[in-house]
Amino acid sequence: MLAKDGQPLMPCHPARARELLRKGRAVVVRQVPFVIRLKDRTRSDSVVEGVQLRIDPGSKGSGIALTDEKREACGPKTATVRRGLLSAELRHRGDRISHAMRQRAGYRRRRRSANLRYRTRRSDNRAHRADWHPPSLRHRVDTITSIASRFCRYAPVTEIHIETTTFDTHSMSVGRQLYGSEYQQGALAGMGTRGYLRTRWSRTCAYCGAVNVPLNIEHVRPRSHGGSARIANLVLACAPCNQAKGSSTSDTSPATWCER
Ligand SMILES: [Zn+2]
């Protein structure tokens, strides 16, 4: 709702808007979002508390809402009561944009390669600006910014809240911010094959569970049968178990192999 002087007033209920229009006290300014302007009241005549604009960006669609907040007495304490005044959902057309871009690339490729081979080579002027983003993503940012600025024009927005949901699980598990190639170093970085297997099998034979004996690295599926040296194919085995198994293959898990 706008005041007589075009300044934003608090959003009102649709029933109140209909009443104001019926009595001729207001005129329609815009259909989407529906905005009316009062004819008989300026902003200085009104009490305007301000509203919050809340944005939840998503890849397919983004939610936008206007809320107000009131401090209400709740026994000895005061509680914040938040009311939704208006909500809208933006459906993004990122998939249609990327489809159109691919189609355009196809048309241009055809123009370059079809029966037009006398054409000179296309100049090598292809570069992206440093602040370049894919058109489908650019569109998402632009439409949210546009609709948010429109809401700010028609409602007395005092705060903007944006939900950001980027969870850096790797950083969280390490407990600090990671940079560059640190992301390529997982929990096993720097640990050798033998060290990993010792931890994995708690320094025991995978077949008989023997402890405090010399352990060998054993291929579950033997090399002679095409077994790989990947860590998933390796276990620790004591010398007798390793000898007994030899080059036979085992369908069962290493822990039960000795019992057969
Ligand atoms: Zn053993």
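View 1. Asn 212 is exposed, with a relative accessible area of 79%. Here exposed stands for over 50% relative accessible area, buried for under 20%, and partly exposed for values in between, computed with a 1.4 Å probe on protein chains only. The model is a predicted one, in which local features need pLDDT of at least 70 and side-chain atom pairs count only at pLDDT 80 or more, while totals for chains, interfaces and linings use all residues. Residues are numbered from 1 along each chain as its sequence is written, and side-chain values use heavy atoms, with hydrogens and water left out. Asn 212 belongs to the loop between α5 and β7. Helices (H or I, at least four residues) and strands (E, at least two) are DSSP runs, numbered from the N terminus. The phi angle of Asn 212 is near 55°, a positive value in a residue other than glycine. Arg 203 lies in the loop between α5 and β7; its phi is near 60°, again positive in a residue other than glycine. Arg 203 counts as exposed, at 55% relative accessibility.

View 2. Cys 208 is partly exposed, at 44% relative accessible area, whereas Cys 238 is buried, at 5%.

**View 3. Trp 201 and the nonpolar cores.** The charged end of Arg 200 sits over the ring of Trp 201, 4.6 Å from its centre. This label requires NZ of Lys or CZ of Arg within 6 Å of the ring centre and within 35 degrees of the ring normal. Trp 201 also belongs to the largest nonpolar core, which has 13 residues; Trp 201, Cys 205, Tyr 207, Val 235 and Cys 241 have the most contacts inside it. Strand β8 gives the most to this core, with 5 residues. Another core, of 12 residues, lies apart from it and includes Met 10, Val 51, Leu 53 and Leu 90. A nonpolar core is a set of buried Ala, Val, Leu, Ile, Met, Phe, Trp, Tyr and Cys residues joined through side-chain atoms within 4.5 Å.

View 4. Arg 91 is found in strand β5 (residues 77–91) and counts as exposed, at 55% relative accessibility. Its C-alpha atom is separated by 14 Å from that of Ala 148, 57 residues apart along the chain. Pro 33 lies in the loop between β1 (26–30) and β2 (35–38). The peptide bond from Val 32 to Pro 33 is cis, with omega near -10°.

**View 5. The two assigned domains.** The domain assignment gives domain 1 (52–113 + 135–140 + 160–173) and domain 2 (193–254). Their bounds come from an automatic or database domain assignment. The centres of domain 1 and domain 2, taken over C-alpha atoms, are separated by 51 Å.
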